[in-house]
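Opening the notebook on this one. I want to look up a few helix pairs, some residues and the domain layout, and jot down what turns up.

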Amino acid sequence: MKVSLNWLSDYVDYEGVEPAELAEKITRSGIEVDAVDNRSEGLKNIVVGHVLECSQHPQADKLNICRVDVGEEEPSQIICGAPNVAAGQKVVVARPGARLPGGVKIKKAKLRGEESHGMICSLQELGFDGKVVPKAYASGIYVLPEDARPGEDALGLLGLDDTVLELDLTPNRSDALSMLGVAYETAAILSKDVKLPETAHEEAAEPASGRLNLRVDASEANPLYAAKVVRNVKVGESPEWLKARLMAAGVRPLNNIVDITNYVLMEYGQPLHAFDYDRLATGEIVVRHASDGEVIETLDGTERKLEPHHLVITNGREPVALAGVMGGANSEVHDGTTTVVIEAAYFSPASVRKTSRELGLRSDASTRFEKGVDPNRVAEAGERAAALMADLAGGEVLAGTVLFDELDKEPKRVTVSPDFINERLGMKIPFEEMEEILRRLQFPYEAVNGQFVIDAPTRRVDISIPEDIVEEIARLYGYDEIPATLPVTESIPGGLTPYQAKRRTVRRYLEGAGLYQAITYSLTSESESQKFALETAPVTRLLMPMSEERSTLRQSLLPHLLEAVTYNTARQTNSVALYEVGSVFLGEGEDGLPTEVEHAAGAVTGEWSGGGWQDGQKPVDFYAVKGIVEGLAEELGLSEKLSFRKGEMDGLHPGRTADVLLDGERVGIIGQLHPSEQKARDLKETIVFELNLQQLLREETEALIYTPVPKFPSISRDIALVVPKAVQAAVLENTIRTHAGKTLKDVRIFDVYEGDRMEEGMKSIAFSMTYLDPERTLTDEEVSEAHKRIVSALEAEGAQIRN
């Protein structure tokens, strides 16, 4: 909201307060002032000139030589290139030595051999935004009224002897979207009175109801409609003061009739609309909802198709305006208009907001209707516009108002005690001081049994509960007066919950294992939403997705993680190892929302370090990623509870996939991508895993007990077995652990061979076993005895010892 201080002075006396000081006071009271624009800053020696003669420059087709009276003894010769310059005009002249915005200095000059003593100015050259310059002068110089005197200071005529405050309003302060609203605010801050605009005017004997019929068929969306009829108007340019005020407020002047409705809009915050009475054709106004498929061409020249819930103003046959949003081209005021119908109405904020949003049509009117206008000033704004049309357009106002009124205009009553206010603020504001603030705000009140019973003015739609009064008292008393105190609470050191601490451990471990963290979208396409899912459930779709690829909540982390791997490998990153900790979304819970479960997933492709100093780099395989998962289980204290079994999943290799089990229950998957999946994603061999992290982290584990570093040496023995390909390594490992005895500390697979030298359908698996007794040194005989038991048990199960 742009506030002209010259305009504001019509309603409240702020004499003696500098603009910067006033801006500071307004900001401290709760409405932020973004900018203080002194419109005359940098401007000087700008006067009114009278063009006595105008002839074409002999050396240039697009230049004119003008003799201009600027109030001096002799006229000045000025070269002007504006297409609309002509003899007899009163214009704005920057004399030699003048200053223009941007530090431009005007000097005497020669243009194509002819001297020029100054410059005839356009409004843009004086600092006006091109968007607010009247269209007639948008591409040329500005022409002043005939009564302007040569040599007179032009800044006052153009309203440039002014300061404009730009307010940054919060949504609750819609009252300050008007000059009167700002006047009430300023008066409260400065303890001044508000002078309201003059609305009185003479009326013709003919009643308005004799010219216009009104019917409202949608009273819930339009509970108040007031129409004034003004005849014999003369459409033309507005007076200079009116145009200057509109341009200062950021509004482009059009003609006196439209300018008056815009002026009252900015003054009262009440949108108005002017219809050409003759173009209405029927002498009737009917407010109703649009018919399905009905069409209207709005004032911006766009044809718009309407829906049945859009509220329209009609002439009884066809729409002539979108209620509260924009008028129609078929009823627009034009140069030949002689009779005007002034619409002043209250439209439902929800109705206007929906129409404006669906049609993509925002206007100053819709902005104010959406936030709510003062119901007690709707008709008054119409009277103000009628008075101005009588004064500035020579119109005659027909008697009375054509009115439909079912609007509740009663103020909201709020009861609050001084103790309640002081308790909330932590202050001791005297009762008398609170009374004074309410008087300054012009809030009618009564003091009843030590409480304030306040009728909140209808111009302040944001006042409805006791806390609103607390805020009003605080901001006018001064936020700076509120004492600064520290809260008195028990000091409790912050910390992580056990779940959070374990989750941090997971991330630290995976990064230590060589994986980089990735963060991907929770939204995916419906076709990808259940791919690689550990558990499937009904999917959750968005009602208004940004795209089909982001329409459904995911049930697995792997699809997007694999997209990230593909993205990196396509950019010559041959080895990629990524992990993600995030949520998947399953089915629907009791509250109607999907159940959110935290998972951890990883994807590895390319070269991988074996870990030993002699191992070097080798292609990643299933066992490398299985080792990462086993290491994570050990880090979480779940090694004894975790096991693996052969698994299957669409998109994974049927012979290189394993389910991850926690106490026999499936909590994850490890596997190599199926060759067809790898080809579709343009990847080499890629191993993935996904774990139900929530289930792992909530598993209770025994407290970690420190074990001293062994003082005695361990002994290692290797064994190579030939078994059928169908035999799982986990079965063999379980047999070894069962028969080895207490001295066996570790079993590790270090080789799997399926080659030309093996019998058809057979494979070789090699295990390394570590024996240790923490209390003494083991003998070879003890280890050999344990080894024999293992060999015997394995042979009994059909395994052959490979020499």
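I started with two helices: α2 and α4 are roughly perpendicular to each other, a label for angles of 65 to 115 degrees (under 35 is roughly parallel, over 145 roughly antiparallel, the rest oblique). Their axes cross at roughly 95 degrees and come within 10 Å, with α2 covering residues 19-28 and α4 residues 179-190. Axes here are lines fitted to C-alpha atoms, for helices over the stretch in contact, and angles run from 0 to 180 degrees between N-to-C directions. Helices are DSSP runs of H or I with at least four residues, strands are E runs of at least two, and numbering goes from the N terminus. On the α2 side I found L22, K25 and I26, which meet T186, I189 and L190 of α4; contact means heavy atoms within 4.5 Å.

Notes on what I am working with. The model is predicted, so I kept in mind that local features need pLDDT of at least 70 and side-chain atom pairs count only at pLDDT 80 or more, while totals for chains, interfaces and linings use all residues. Residues are numbered from 1 along each chain as its sequence is written, and side-chain values use heavy atoms, with hydrogens and water left out.

Next, V12, in the loop between α1 (5-8) and α2. Buried or exposed? V12 is buried, at a relative accessible area of 2%; the cut-offs are under 20% for buried, over 50% for exposed and partly exposed in between, with a 1.4 Å probe and protein chains only. Leaving out residues up to four places away in sequence, V12 touches A183, T186, A187, K192 and D193. I also checked V12 against L534: 522 residues apart in sequence, 71 Å apart C-alpha to C-alpha.

Then the domains. The chain is divided into domain 1 (2-39 + 163-190), domain 2 (44-157), domain 3 (208-405), domain 4 (412-475), domain 5 (498-698) and domain 6 (715-802), with bounds from an automatic or database assignment. Taken over C-alpha atoms, the centres of domain 5 and domain 6 are 31 Å apart.

From UniProt (unreviewed entry): "domain: TRNA-binding" covers residues 40-155. Such annotations may be inferred rather than shown by experiment; names are shortened and positions follow the numbering used here. I get 2% helix and 41% strand for residues 40-155, with the end C-alpha atoms 7 Å apart.

The unreviewed UniProt entry also lists D462, D468, E471 and E472 under "binding site". D462 sits in the loop between β28 (451-456) and α13 (466-477), and D462 is buried at 15% relative accessible area. Beyond its neighbours within four places in sequence, D462 contacts N172, R173, D175, D468 and E472. E471 is in helix α13 and is partly exposed, at 36%.

I followed α13 to its partner: the axes of α12 (residues 431-441) and α13 come within 10 Å and cross at roughly 95 degrees, so this pair is roughly perpendicular.

Last entry: S366, in helix α9 (residues 364-371), is buried at 0% relative accessibility.
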